[in-house]
Amino acid sequence: MAEDIKAPEERVSDQASVEALRKAQTDCVNVSFFRMDTQKNQCKFGTSGVCCRICHMGPCRITAKSPFGVCGADADTIVARNYLREVAGGASAHSDHGRHLVLLLKKIAEDNGGDYRIKDEKALRENAVKYGIDIEGLSSREIAGRLADVFLADYTAQEETLKTLTLAPLKRQGVWERTGASPKGVDRMIVECMHRTHMGVDHDYENILLHGIRTSLSDGWGGSRMATIASDIIFGSPAPVRSTANLGVLGENTVNVVVHGHEPALSEMLAAAAADPEVKEYAKAAGAEGVTLAGICCTANEILMRHGIPVAGNFLQQELAIVTGAVEMMIIDVQCCMPALPDVASSYHTEIISTSSIAKTVGADHVSFNTDTAYSTAKKLLFRAIDNFKKRDPEKVSIPKITEPLVAGFSVDAIKYMLGGSFRGSFRPLNDAIIQGRIKGVVGIVGCNNPKQKLDDYINTLTVELLKRDILVLKTGCAAIASAKAGLLTPETALSHAGDGLREVCEAVGMPPVLHMGSCVDNSRLLEAATEVVLEGGLGDDISDVPVVGVAPEWMSEKAVSIGTYFVGSGIDVILGHPFYISGLENVTDFLNNRAADIFGASFHVHDNPHDACEAIMDIINKRRDKLGINRQVERKLLDMKDRRELGV
Ligand code: SF4
Ligand code: MSK
């Protein structure tokens, strides 16, 4: 461990993480925060994107003295190629996640789905109609089969444009067509990224960056959207649900099983199996009061949104959960699961179980998860965790007694229902509130944590500042968990920060001002919500007209690169808390941060602190409001019955 490690209070915002980090120091356990310190100064060639190791004449590094790689590639080409490979990585992760769920939907349709069933018939039928399927006279399984086939075709399409694009506003579809940004099949787009970036292929940085936008759109409107839809059909569309968050959700006297990763298929079965009487009995027989199932990262978000299962923490708390000494088993699948987990677990009794054949970790035990035997596998894992409870060393246990209550579960349908009720659910009241200026705009705060930044600090500071300025805040991923830990996902706390206009509207319609919309694939819900606003009318005819901004304050993953890129490609300006690795050349930065606005009506902006970000966001929102002609000064008054009727509540 480095000797000059920072104090826990400088690294993390919430007290539970401070306590756990202190314990990690005491227990001499090496966690990401300390490894960050031992990395010292990170390579400048890497951070500026000018290092190329695409062929074995290299690696080549671009400097003032050596402006070309061995092949003659300049910094523009190299920086753009590296960026495109990141987009490809992110898009592939989301899209493969989506593929697994679509294949499960197909299996269910063929009556071969093992323990899985269609849970949300309404979502199945509505989405089938959206995708142009004539459902008249078809059984649920037949509809599911046809929808799965449409989805699979969106993966494999060679020449056809992605079908999902037809769900976007017409004007946006026109932008994509005109600029050549309409993606073909998801798989083709990602393969093409790798081809284009091979030595000696695409050297025109603009052409490379445009393919980055195209590939990211095949993620946001394709792979991610399909993941969200298939999950809603199989596991149920989320609706508002109460729960709790932070390390204190782990039980002193219960068997703690933490699920971590992204794909909901196994965690759904674990949620069901944890309520199995046999499992409960077995836990009692082992001297435990029961089994506590809790989540980390986006698996947490998936089972929180649908079952209200508590959240142990976000990305940088995955190791801290183990450091409590109270986790019997951590079950991981894909994405964001650190390879260090078995090493951290070796200081305690925690078992790390990997479950996906594409994601094994040295030191973790692998239990192959097969959808055909999902429930029995889930039960066996819980029995094994219960057996491990006996090995817990009370001397090593210290669970921070800190939790926060929260409300999550805001799918687009749930928001519509809140806004208008079940019979006339619509975005009309939201559009009207934005037009009237009671709500100034909508901001999606998304993405990860990054030990380069103080955990959750930027995310939550910005959230509060935006609430004060009458901004409705949408959340996904680890940013949503950050706000949960700060109490900002309870309507009461969030409303206490809200400006008058936002508070009046939220109170009138009974909607919290910070809405947790799901995991990182569920950023597709943000695109869906933006589309609903456009279709509802009165706020322009394209997403780039709507006063909406996306922010990734503490991002770290390639998925965040893809998400940010598809937001921009969809007409949503994006604020990054720290830049992509593109600073090595002005041309690439200029394209993504400026010229993209001329093509897509939105671009990237980088602000390393939440206060500057807030000003920049309000500037973007006010410009969009000006353009719409709705930036009038609102007379501040409490809503009377007439106003409420106008809002449709
Ligand atoms: Fe160097 Fe060109 Fe090979 Fe990249 S592709 S490593 S710049 S020679
Ligand atoms: S889990 S991608 S750290 S949001 Fe989706 Fe969190 Fe980022 Fe992973």
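I took a cavity to be a set of points, on a 1 Å grid over the protein atoms alone, where a 1.4 Å probe fits but cannot get out, with lining residues having an atom within 4 Å of a point. Grid points are joined across faces, edges and corners, and a volume is the space filled by probe spheres set on the points.

I worked on a predicted model, in which local features need pLDDT of at least 70 and side-chain atom pairs count only at pLDDT 80 or more, while totals for chains, interfaces and linings use all residues. Residues are numbered from 1 along each chain as its sequence is written, and side-chain values use heavy atoms, with hydrogens and water left out.

**Entry: cavities.** I searched the whole structure and found five cavities of 30 Å³ or more. I listed 19 lining residues for the largest cavity, and V442, L474, A529, A530 and V548 are the closest to its centre. Two or more lining residues come from each of strand 11 (441-445), strand 12 (471-475), helix 23 (523-536) and strand 14 (548-552); helices (H or I, at least four residues) and strands (E, at least two) are DSSP runs, numbered from the N terminus. Helix 23 supplies the largest share of this lining, four residues.

I then turned to the second largest cavity, with a volume of about 110 Å³. Its lining has 14 residues, of which C298, G447, C448, C478 and C520 are the closest to the centre. Helix 20 (477-485) and helix 24 (558-569) each give two or more residues to this lining, and helix 24 gives the most, with three. I counted nine nonpolar, four polar and one charged residue in the lining of the second largest cavity.

**Entry: helix 12.** I noted that D276 caps the N-terminal end of helix 12 (residues 277-285), with a side-chain oxygen 2.9 Å from the backbone nitrogen of E278. Just after helix 12, G287 takes a positive phi of about 90 degrees.

Terms used: Chains are lettered from A and ligands numbered from 1 in the order in which they are written. On a 1 Å grid over the protein atoms alone, a cavity is a set of points where a 1.4 Å probe fits but cannot get out, and a pocket is an open set with protein on both sides within 12 Å along at least five of seven lines; lining residues have an atom within 4 Å of a point. Ala, Val, Leu, Ile, Met, Phe, Trp, Tyr, Cys and Pro count as nonpolar, Asp, Glu, Lys and Arg as charged, and the others, Gly among them, as polar. A polar contact is a pair of N or O atoms within 3.5 Å; within protein, one must be able to donate a hydrogen and the other to accept it, and residues adjacent in sequence count only if both atoms are side-chain atoms.
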